[in-house]
Amino acid sequence: MAILHIRNVPDTLHERIQELAQEEKRSLTAEVIELLAEGIKARESRYGRVAIVARIHREAPEIKLPGNWIDSATLVREDRALS
């Protein structure tokens with residue numbers, strides 16, 4: 001396994017990580033690894049959702065409402081105008 005040294009960690013951040021480690025009954029190192037892994041998963045998930053939405057906008061045809069249905073955005077705008 002690789003070794004990662006981190007310098008200049010703010011005291012408040014270091015203390016908070018220590019608190020989280022104690023709550024989870026982990027070592028400081030194990031908690032930092034867990035936090036890094038969670039952060040990477042969250043970022044990948046966020047980028048994944050952005051890519052999916054972009055693909056939908058790019059590939060999906062214009063959605064046509066059947067008959068005399070009204071777009072929900074139009075209904076919301078009308079409702080807000082009445083308030």
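1. Lys-25 is exposed, with a relative accessible area of 75%; exposed here stands for over 50%, buried for under 20%, and partly exposed for what lies in between (1.4 Å probe, protein chains only). Lys-25 sits in the loop between H1 and H2. Its phi is positive, about 55 degrees, although Lys-25 is not a glycine. Helices in this note are DSSP runs of H or I with at least four residues, strands are runs of E with at least two, and both are numbered from the N terminus.

2. A word on the source before going on: this is a predicted model, where local features need pLDDT of at least 70, side-chain atom pairs count only at pLDDT 80 or more, and totals for chains, interfaces and linings use all residues. Residues are numbered from 1 along each chain as its sequence is written, and side-chain values use heavy atoms, with hydrogens and water left out.

3. On confidence, pLDDT is the predictor's own score for each residue, from 0 to 100. The protein averages 90, and 100% of the residues score at least 70. Helix H1 (residues 11-23) has the highest mean, at 97, while H2 has the lowest, at 90.

4. Now the fold. The protein has 3 helices and 0 strands, so to speak an α-α-α pattern when read along the sequence. What does the radius of gyration look like against a compact globule of 83 residues? The protein has 24 Å, whereas such a globule would be near 12 Å. That radius is taken over C-alpha atoms, and the globule rule is 2.2 Å times the number of residues to the power 0.38. Along the principal axes, the C-alpha trace spans about 60 × 35 × 25 Å.

5. As for the surface, 5% of the 83 residues count as buried. The protein exposes about 8100 Å², and carbon and sulfur atoms supply 57% of that area. Accessible areas come from the Shrake-Rupley method with a 1.4 Å probe; for residues, only the protein chains shown count as cover.

6. The charges come to 13 positive and 14 negative, and their mean positions are 6 Å apart. Lys and Arg count as positive, Asp and Glu as negative, with His and the chain ends not counted. Each charge is placed at NZ of Lys, CZ of Arg, CG of Asp or CD of Glu.

7. Asn-8 is another residue to check for backbone geometry. Its phi is near 60 degrees, a positive value in a residue other than glycine. Asn-8 belongs to the segment before H1 and is exposed, at a relative accessible area of 77%.

8. Within helix H1 we find Gln-18, which counts as partly exposed at 35% relative accessibility. Gln-18 and Leu-28 are 10 residues apart in sequence, and their C-alpha atoms are 5.9 Å apart in space.

9. The loop between H2 and H3 holds Pro-61. Is Pro-61 buried or exposed? Exposed, with a relative accessible area of 64%. From the C-alpha of Pro-61 to that of Glu-24, 37 residues away along the chain, the separation is 48 Å.

10. Ile-70 is also in the loop between helix H2 (28-59) and helix H3 (72-82). Leaving out residues up to four places away in sequence, Ile-70 touches Leu-65 and Leu-75, contact being heavy atoms within 4.5 Å.
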